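Dear colleague,

Please find below the structure that I am handing over to you.

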Amino acid sequence: MFLACPNRCSTNRFELWNASVFVDSAGRYLDYKVVDAPLYRCIECGSPAVDLGEVPGTMAADRLAKLRRVA
Ligand SMILES: [Zn+2]
């Protein structure tokens, strides 16, 4: 995973958006449960962060799917 803000904010701080975060009675972090796919947003501008780390894998999967259709 390599998160990046689409507006290129330099803070590089992101907020976990759609996951449930569990804490104990003292508010200490215990665990989190991702609802669907984890979504992060830039804390600077609020834009959904882009996961650049997923791009090569997605492109490879695309190529693989195309190859399978041809064969
Ligand atoms: Zn930003």
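The notes below describe what was found, beginning with the whole chain and ending with single residues.

The structure is a predicted model, in which local features need pLDDT of at least 70, side-chain atom pairs count only at pLDDT 80 or more, and totals for chains, interfaces and linings use all residues. Residues are numbered from 1 along each chain as its sequence is written.

The chain contains one helix and six strands; helices (DSSP runs of H or I, at least four residues) and strands (DSSP runs of E, at least two) are numbered from the N terminus. Their order along the sequence is β-β-β-β-β-β-α.

The predictor's confidence in each residue is given as pLDDT, from 0 to 100. Its average over the chain is 82, and 83% of the residues score at least 70. Confidence is highest in strand 5 (residues 40–42), at 91, and lowest in helix 1 (residues 55–70), at a mean of 72. Where pLDDT is low, the predicted coordinates should not be read in detail.

Of the 71 residues in the chain, 4% are buried. A residue is called buried if 20 or more other C-beta atoms, placed from the backbone, lie within 10 Å of its own, exposed if 12 or fewer do, and partly exposed in between. Two residues are in contact if their C-beta atoms, placed from the backbone, lie within 7 Å. Among contacts with a separation of 6 or more, 55% join residues 24 or more positions apart.

Met 1 lies in the segment before strand 1 (3–4). Met 1 is exposed because it has 9 C-beta neighbours inside 10 Å. Beyond its neighbours within four places in sequence, Met 1 is in contact with Asp 51 and Gly 53. The C-alpha atoms of Met 1 and Glu 54 are 6.4 Å apart, although 53 residues separate them along the chain.

Arg 8 is exposed, since 9 other C-beta atoms lie within 10 Å, and Asn 12 is exposed with 12 C-beta neighbours inside 10 Å.

Yours sincerely
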